[in-house]
Amino acid sequence: MSSRITSCAALMIFVLNAANLHGDTYTPGHPNGITLENFARDFLNSHCVDCHSGQDPEAGLDLEGLGPIDEVTVDVWRNVWAQVTLNEMPPPEVDPPEVVARLKFSDWIVQSLQSELSDEGGFKDPFDPAKGNFVDHDLLFGELPVGIRLVPTASPARLWRVTPQEHITRFNELINREPDFDPEKPGQRTRGDVVPTNHGGELKLYFGTDRIIKWQGGTVAYATAVKSVPVVLSTARDHGFENYPELYTVNSAEATQILGVAEDLIKYMAYGPLSIANAYQITDEPDSIADKMKGDLRGLPTSIVYGTQVKRPITPIYHLLGDAEGQRQEEVSEKLITEAVEYLFEALTFRPPSVDETATYVQIVLDSVGQLGRKDGVILGLSAIFLDRDALFRPELVEVGEPDASGRVKLQDWELGLALNHALSYLPPDETLRASIVSGEMRTREDVERELTRILGDEAIRKPRLLRFFREFFDYDLGGYICKDNRALADTGVNTGAHYRAMFDATASTDRLIEEVLRDDQDVLRRLLTTQQVVVSNSDKVYFGRRRNDDEEAASIKEANLAAKEAAEKAKAELEAWKAANPGKNPPKPKKTRTPTINHKVAEAELAGERVYARVSRRSFGAGSMKPERQLGEAPEGQRLGVLTHPTWLVSHSDAMDNHAIRRGRWVRERLLGGGIPDVPITVDAMLPDEPGKTLRERMRVTRDAYCWTCHKKMDPLGLPFEMYNHAGLYRESELGEPVDTRGEVIESGDPALDGEVADALELIGRLAENQRVEQVFVRHAFRFWMGRNETIHDRDVLQNAHRAYRDSGGSMNALLVSLLTSDAFLYRRPADESL
Amino acid sequence: MPAEHLKGIVVLNRRNLLRGLVSGMGAAVGSPLTTENLLSAATVGPKGEVKFTPANTTPKRVIFFLQNQGFDPRTCVPEGAKRSGELNQWKLPEPIQALEPYKDRLHIINGLHGTHTSPSHSAFFGALGGYRGGDGVPPSASTIDYELSQILPETLMPHLCIGMDSIENMRSKPTIATLSASGAGQPIFMHSNPNHLYQMLYGGISSGDIRKQHEARSSVMNRIEQLAAAKGQGLPQADVQRYGQFVDGFRDVNGLRERLATVSDHLKQFAPEVDSRYTNPEYETDWHDVLLDLGVSALRSGITNTLTIGSGRGEIFGAWKGIGVEQQGHNLGHMTQPGNPIWIKIRQYNSEMLVRTMKALESVPEGNGTMMDNTLIVYTSNNADKQHTNGANWPVMLLGNLDGAFKTGCFTQLDGKRPINSLYTTLLNVAGKPCDRFNMNEKLAKKFDSGEGVLREVLA
């Protein structure tokens with residue numbers, strides 16, 4: 001392996017050197033031979049030092065005589081890299097450097113910073129998903145500048161840690177059997193869909209909920225009594241893409257926890273509810289054990305009654321350990337152990353074990369049995385498989401296959417099959433795909449296209465990764481995690497006690513809306529940005545409603561009081577009439593009626609529509625559970641337009657007290673316009689003044705200072721149009737007693753057709769949704785999500801082909817996916833450590 | 001993911017990455033049993049400013065004891081204590097009477113708040129994190145016990161969490177994570193099965209079944225490490241470091257076990273005797289007692305510097321049948337605590353545990369005094385003052401002074417305008433990590449904190 005890598009690397013270096021030596025062309029990503037003295041110093045002197053030198057250098061940054069990249073100058077160079085790479089510097093009013101010179105300079109800084117920071121993990125900025133847009137959009141979709149030589153693209157060979165969602169789905173598959181897809185009720189959670197977060201937003205695996213037929217107490221009691229484990233693998237997701245291979249490993253705390261969870265899972269696979277409950281709790285007639293269920297058992301595992309029908313998958317683990325006939329003996333069958341090892345290995349790694357792997361794990365089990373006896377030994381020994389490298393990381397190492405002329409090796413067989421499978425699914429490859437892999441029919445572009453087209457065309461094969469892309473692209477799923485100040489939240493007009501659950505409910509609704517759009521698979525991005533359709537639950541009448549102004553609120557209260565008064569007078573009159581008609585008799589007791597709670601702050605939206613379903617936690621958690629029933633309705637015309645105006649997105653981009661116009665603007669700048677924002681300088685105290693009587697727009701005046709505005713002009717005017725909604729996502733026309741100011745502007749978007757003022761968010765969205773550049777930026781993000789890396793200039797063709805496929809198909813996500821997943825960037829890996 | 005309001009706040013240094021990663025899981029990286037003292041001593045200058053100066057080289061430790069269902073101030077504040085004052089002028093209330101002989105080490109604090117933590121039923125991770133928590137809500141940042149474990153003088157296993165519950169729950173869910181976290185979305189498990197915990201801490205010096213389990217587990221973990229290392233051969237350079245952390249994790253776990261074995265003679269002095277309460281508990285309190293013994297032994301032996309005890313495991317249930325409390329679970333929280341025989345029993349049981357802990361630590365000489373001299377116990381609830389509460393009052397008792405840093409022998413009545421975060425900020429500062437706030441940004445602080453920095457009222 002290593003010698004092959006070495007030869008690949010040598011081949012690559014030869015190719016690149018040959019390319020760089022070929023006339024005056026430059027191969028981006030390979031600043032071979034460039035040094036500070038022979039190139040970078042001249043670049044600085046020609047383009048930077050005029051302003052950044054002398055007694056009063058621009059921004060206080062003196063670049064004259066800036067030393068080589070070392071631990072003292074590293075922050076300055078990092079900043080220079082960002083400014084030059086983003087075309088922020090030199091400023092537009094001075095002659096720009098040649099494109100090639102800019103690329104060379106930028107690449108040289110990256111290479112030097114990587115070398116300088118090698119002991120600290122290297123210079124990661126170019127690989128940060130939040131900095132994907134640092135590659136100039138025009139270099140990808142415009143004309144290729146003269147003097148640039150591209151090489152065939154590929155992604156690096158790599159290990160890709162499984163995501164928390166994948167990991168918990170693998171565990172869930174071991175112990176729970178989810179329902180099959182019901183075409184009559186698309187949206188209901190079915191096998192292959194992601195394990196939903198619970199009512200509090202936590203990703204947890206529950207044991208035996210499919211057999212629970214009775215319990216004591218409500219939501220909290222149930223959740224406490226049921227056996228559950230939280231997801232173990234962690235991510236640091238905030239906003240944006242979370243799953244680049246670069247980002248994660250498995251630490252020792254996680255590994256130790258996985259071992260513990262593994263033992264619980266194996267026990268449940270073998271013994272079912274008996275592994276977590278007493279035998280008497282398993283009955284179809286709960287009344288028959290009434291004597292054992294006396295007293296307050298709420299929150300205890302003994303409060304639960306399980307039905308007798310076996311629901312979990314029956315696997316070789318059951319045959320090895322369980323109570324199947326003939327399996328009570330103490331001796332251990334090596335054959336059964338082998339079957340259990342082979343089953344569990346494939347269930348956890350999605351590929352069959354090699355002969356050596358099987359032998360290794362069988363021996364571990366046998367050794368443990370020798371030490372601990374059958375039951376404990378098997379459980380401990382099998383749990384080792386949960387910590388196999390390939391149960392936690394998906395390898396794309398191209399250990400098989402020959403490099404092509406440019407040093408790339410094509411994925412094949414299991415690596416290619418699992419890469420394709422992972423692109424869409426959290427389950428193991430289905431039978432057809434598995435058969436293709438095993439029979440050697442997963443090696444070519446055509447093989448991938450055949451399987452991909454089949455899978456995309458079958459709605460019953462669930463594709464949670466597709467939805468995951470949209471969650472991470474839009475970032476609409478964070479609302480339930482934004483901590484709100486209760487008073488500020490109450491002022492928005494929503495029910496503060498039910499807000500967080502409403503947000504998780506609403507996230508499931510937006511999921512469903514996206515799936516509805518994907519089902520049609522036409523004009524996907526534009527529809528998501530502009531649809532009037534909404535998937536809603538009952539609480540959305542408020543969230544999609546309109547916040548009344550003070551006068552309207554007062555009028556509503558007055559009207560309610562008047563109605564109450566009239567009702568009381570009417571009741572009194574009726575009582576008098578009754579007494580008159582029934583002298584001497586006691587009037588009947590008035591019927592108790594519940595006074596309806598009127599939300600005077602909000603004019604609720606009319607959203608009724610056809611019944612649809614959304615994916616929520618599997619089991620009812622009593623009154624506090626989320627319900628799958630939803631309606632597919634229409635949002636109020638003139639108030640909403642697409643996902644960016646839905647409460648899920650708006651709240652996800654808000655903070656405890658107010659809207660977060662900067663974050664919203666940043667989202668538009670990065671995800672739709674393809675612009676990049678440098679990191680906030682560490683010297684900047686990024687705080688808005690706390691002025692309760694002032695609007696957010698007024699308080700954001702501080703970002704207009706020249707030093708701040710360079711970056712903030714890219715964000716603030718794009719976020720402020722969303723001031724037409726309050727921070728719970730309700731539409732509003734006034735703020736602090738005045739008409740709300742919703743003006744904004746698109747500045748320096750890169751497409752003059754987009755630039756200019758807008759009256760509000762609806763105009764902004766409408767303008768963006770029709771734009772080709774916006775589509776291209778969407779394609780760039782899809783590339784990142786599915787390739788697990790930032791695009792480079794060498795991916796030009798892949799991106800342009802993907803965009804063409806999307807456009808030519810009328811905006812089909814499936815067409816976009818087929819193009820991306822049959823591209824060289826997806827199919828090929830570069831084993832050498834080349835950073836193209 | 002970090003909650004929005006926590007961003008950029010108190011990004012605490014990790015002395016090294018791996019050590020942080022293993023905290024709370026019974027695994028830690030190699031080091032001597034104790035290292036140099038990183039603590040500082042806090043003093044208040046003539047102008048009221050708080051200064052922290054390097055202290056002696058003695059190790060330090062902190063214990064968090066959280067009883068669920070709330071800590072009603074009327075069960076701890078002496079009758080007649082309307083204002084701050086010396087405790088020696090009052091008699092402690094019946095529920096905490098066991099602490100009467102320790103009044104000079106006690107500081108009762110009334111009037112912190114946790115309204116921003118949503119503590120009704122339980123603030124869960126928010127109780128020790130000082131942020132919004134709730135049933136099923138993942139941690140949005142690290143918690144104070146974890147952070148302290150990272151900056152207190154280094155031990156083999158910096159942080160240990162134990163949880164006490166009904167026997168059924170401890171058996172069906174022997175580990176659970178509801179109170180402590182090492183970061184956003186990164187809960188730390190607490191241990192509730194004393195047999196498992198004993199094996200983890202003292203497997204190397206045990207005998208019988210525990211020894212067998214320990215050896216078998218050691219053998220499997222060694223094989224896993226070998227397999228992980230073998231599958232790391234020939235990886236691309238870019239993955240070597242990342243995958244190396246995975247392999248190193250096993251080396252750390254296995255290394256800890258080996259290092260514990262090397263100090264087995266030392267550990268033998270502190271390991272509790274395993275008796276029938278471990279294997280055949282009559283009541284849940286048998287396990288509560290031995291869990292406490294194990295936790296305290298980990299402190300006494302120097303294995304750990306931070307112990308978190310969750311009585312009721314951060315939830316709204318729990319059982320104490322062994323002390324004559326027949327009712328269990330949620331109803332306990334619906335009862336008024338003052339004057340309630342049930343709650344008097346539970347609080348007395350807690351107090352006896354606190355006394356037992358102090359006595360155990362007093363029995364170990366350290367520096368010029370005893371281990372207790374360098375210890376702080378923080379006793380409170382994950383539920384503020386009661387089960388259904390808005391968190392406007394969050395009573396706390398401190399026991400010990402952490403080498404003279406904290407004021408003792410007194411009752412302090414605060415005005416309800418400083419959050420529990422301010423107490424945690426104080427702990428961090430005293431432990432040597434200067435910061436103005438813990439898990440609270442300026443925006444929230446304007447609303448929830450009338451002050452800034454340490455809680456001066458608690459410092460010596």
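How many residues does helix α22 of chain A have, and how far does α22(A) reach from its first C-alpha to its last?

**Entry 1: conventions.** I note that this is a predicted model, in which local features need pLDDT of at least 70, side-chain atom pairs count only at pLDDT 80 or more, and totals for chains, interfaces and linings use all residues. Residues are numbered from 1 along each chain as its sequence is written, while chains are lettered from A and ligands numbered from 1 in the order in which they are written.

**Entry 2: α22 of chain A.** I looked up α22(A), residues 550-581, and found 32 residues reaching 46 Å from the first C-alpha to the last, close to the 46 Å expected at 1.5 Å a residue (the expected span is 1.5 Å times one less than the number of residues; helices are DSSP runs of H or I with at least four residues, strands runs of E with at least two, numbered from the N terminus).

**Entry 3: R548 of chain A.** I located R548(A) in the loop between β10 (546-547) and α22 of chain A, and R548(A) is buried, with 21 other C-beta atoms within 10 Å. Leaving out residues up to four places away in sequence, R548(A) touches E553(A), S556(A), K601(A), V602(A) and A603(A) (contact is C-beta atoms, placed from the backbone, within 7 Å). I also noted Y731(A), which is 183 residues from R548(A) in sequence and 9.0 Å away in space, C-alpha to C-alpha.

**Entry 4: chain B overall.** I counted 14 helices and 14 strands in chain B, and of its 460 residues 63% count as buried. Of the contacts in chain B with a separation of 6 or more, 72% come from residues 24 or more positions apart.

**Entry 5: helix pairs in chain B.** I took α6(B) (208-230) with α7(B) (237-262), whose axes come within 9 Å and cross at roughly 155° (axes are lines fitted to C-alpha atoms, for helices over the stretch in contact, and angles run from 0 to 180 degrees between N-to-C directions). The two are therefore roughly antiparallel (over 145 degrees; under 35 is roughly parallel, 65 to 115 roughly perpendicular, the rest oblique). Among the residues that meet are M221(B) and I224(B) of α6(B) and F246(B) and F250(B) of α7(B). For α5(B) (194-202) and α6(B), I read an angle of about 60° with the axes 10 Å apart, and these helices are therefore oblique to each other. Their contact is made by N195(B), Y198(B) and Q199(B) of α5(B) with I210(B), Q213(B) and H214(B) of α6(B).

**Entry 6: α12 of chain B.** Buried residues in α12(B) include W343(B), R347(B), Y349(B) and L361(B), and what covers the buried residues of α12(B) includes α10 (284-300), β9 (306-311) and β12 (375-381) of chain B.

**Entry 7: between the chains.** I found that the contact takes 62 residues from chain A and 74 residues from chain B. Elements of chain A that each supply at least two residues include α8 (252-271) and α11 (355-372).

How values were computed:
Contact = placed C-beta atoms within 7 Å. Buried ≥ 20, exposed ≤ 12 C-beta atoms within 10 Å, placed from the backbone.
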